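Q: Please take a close look at one part of this structure, and then show how the rest is arranged around it.

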Amino acid sequence: MFLIHTLETCRITFEREPPWEDDASNHPKKGFTEPKQTAIISILLHNLALVFTAPLADPAPSFGIAFDIDGVVLLGDTPIGGSPQALKRLFDDCGKLKTPFIFLTNGGGFRESKRASELSELLGVNILPSQVVQGHSPFKQLVKRFENELVIAVGKGEPAAVMSEYGFKNVLSIDEYSSCFDNIDPLAQYKKWSTKQDVDQNSSSRMKNTVYSQRVQAAFVVSDSVDWSRDIQVLCDVLRTGGLPGSEIGHQPSLYFANDDLEYQAAFPSERLGMGAFRIALEAIFNRETNIAKKLNKMKGLTPFQRMNHLLRIHPQALEYTSFGKPNPSVFKNAENILSQLVSSLHHSLQVENHKNAGSHPFKTLYMIGDNPSVDINGARQAGLPWFSILTRTGVFKGKENHVKFPADLVVDTVEEAVDFILTRECSS
């Protein structure tokens with residue numbers, strides 16, 4: 001390709017400054033003049049020398065890696081399983097990334113840029129924001145639908161800041177939203193912690209005006225709830241009234257969960273309840289049986305079926321929601337696209353294009369390294385080729401043999417062992 005470019009340069013040079021002497025009829029048959037002939041030959045020799053002496057660039061890698069975080073590379077804020085050493089092997093001696101990898105986690109609550117910075121410090125390698133894919137990252141796809149609508153964000157960390165960075169322009173955290181309603185949380189006086197935001201009086205007034213004049217159009221559970229009792233209470237109020245607590249029953253606003261993990265591995269020896277458990281609790285309460293006598297007077301004119309629904313639930317319809325995160329196959333497809341983009345940023349566009357032409361995707365194998373069989377391994381299995389699943393024993397899974405219901409392609413003790421297997425396998429192929 002470079003040689004073709006060189007010859008094209010020479011052709012243009014010939015057209016602009018013909019290296020011959022023109023006669024009166026401008027007929028190009030007199031031959032090269034010596035100065036121009038020497039100049040053209042010099043250009044050719046110089047560029048040909050560049051072609052044959054330039055070092056060959058490394059081909060685009062044929063594999064990529066997706067790491068889960070909790071229970072694989074970290075427990076809390078502590079690196080585990082030799083994760084710092086394993087990740088350093090994916091960089092060259094100058095600290096440049098040579099093997100494309102991402103962190104594919106159902107966790108979240110913080111902006112991808114902040115999480116990347118934290119991971120870089122904990123693991124001793126440079127992590128880019130584009131290498132962090134969290135459970136709530138797909139919420140970006142919903143910006144056009146709810147960009148200017150009032151939405152609330154639930155969870156630990158900075159859920160409202162996350163949504164604002166994605167492009168949502170009218171978002172409040174559930175802490176902010178709850179603070180606008182006196183006595184909405186009947187247990188608030190007994191809680192030793194404080195979730196109220198420090199806002200000035202003018203900002204507080206504007207926020208209350210927004211809350212009282214607009215209905216919530218969607219609720220996003222961005223990360224694990226910090227206060228289950230309050231959050232379930234407020235979400236039930238919002239969802240059953242069409243987005244305005246204290247009003248009559250209305251159409252349920254949209255509800256989204258960043259993941260549906262029942263449990264996950266944190267610093268405590270046994271697993272902790274996750275967002276999936278919170279979702280089950282909310283759904284059970286929303287669909288719960290209610291006081292029959294209190295509702296009989298409000299059911300005149302309803303059909304028997306409508307009466308039954310009113311008697312069984314706090315809302316005529318069962319809770320409707322959408323969950324993202326692993327093991328959803330779309331998450332793995334998105335991860336593949338992100339890894340492809342990462343390769344494009346690391347290698348010359350020509351090389352990547354040639355590599356892509358060899359097949360439908362630029363990777364022969366994508367490795368998912370996780371600790372949760374029902375989430376990480378199940379997701380990779382559902383996604384199919386080119387995914388290869390590796391199960392570690394440092395998190396949720398601690399069995400000696402492979403998982404029975406969701407068996408992985410490989411079971412190892414640590415993430416360091418997993419990376420060693422991958423690099424040995426790929427270098428020998």
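Which are the buried residues of H16?

A: This is a predicted model, in which local features need pLDDT of at least 70 and side-chain atom pairs count only at pLDDT 80 or more, while totals for chains, interfaces and linings use all residues. Residues are numbered from 1 along each chain as its sequence is written, and side-chain values use heavy atoms, with hydrogens and water left out.

The buried residues of H16 are Val415, Ala418, Val419, Ile422, Leu423 and Glu426. They span an arc of only 125° around the axis, which puts them on the same side of H16; the arc is that of the directions from the helix axis to the C-beta atoms. Cys427 and Ser428, on the other side of H16, are exposed. Here buried means under 20% relative accessible area, exposed means over 50%, and partly exposed is in between, with a 1.4 Å probe and protein chains only.

H16 has 14 residues, and from its first C-alpha to its last it reaches 20 Å, close to the 20 Å expected at 1.5 Å a residue. That expected span is 1.5 Å times one less than the number of residues in the helix. Helices (H or I, at least four residues) and strands (E, at least two) are DSSP runs, numbered from the N terminus.

What do the buried residues of H16 pack against? Their partners are S1, helix H3 (83-88), S13, S14 and S15. A contact means heavy atoms within 4.5 Å. Axes are lines fitted to C-alpha atoms, for helices over the stretch in contact, and angles run from 0 to 180 degrees between N-to-C directions.

Two strands pair if DSSP finds at least two bridges between them. S5 pairs with strand S4 (residues 101-104) in the parallel sense over two bridges, and Leu104 stands opposite Val133 in S5.

One joins Leu385 and Pro386, with omega about 10°, and Pro386 lies in the loop between helix H15 (373-383) and S14. The other runs from Lys326 to Pro327, with omega near 10°, and Pro327 is in the loop between S12 and H13.

Five strands form an open sheet in the order S7-S6-S8-S9-S12, and their pairing is parallel. Its edges are strand S7 (171-173) and strand S12 (322-323), each with a single partner strand, so one side of each is left without a neighbour in the sheet. Strand S9 (residues 254-257) and S12 run parallel and are joined by two bridges; Tyr256 stands opposite Thr322 in S12. S6 pairs with S7 in the parallel sense over three bridges, with Val151 opposite Val171 in S7. In S6, Val151 and Ala153 point one way and Ile152 and Val154 the other way, and all are buried. Helix H6 (residues 159-166) lies across strand S6 (151-154), S7 and strand S8 (218-221), at about 165° to S7. Helix H10 (residues 275-286) lies across S8 and S9, at about 150° to S9.

For the whole protein, there are 16 helices and 15 strands, and 44% of the 429 residues count as buried. The average pLDDT is 85, and 75% of the residues score at least 70; pLDDT is the predictor's confidence in each residue, from 0 to 100. It stays under 50 over residues 349-360, for which the model has 12 contacts beyond four places in sequence. Residues 20-25 also stay under 50 in pLDDT, with nine such contacts beyond four places in sequence. Where pLDDT is low, the predicted coordinates should not be read in detail.
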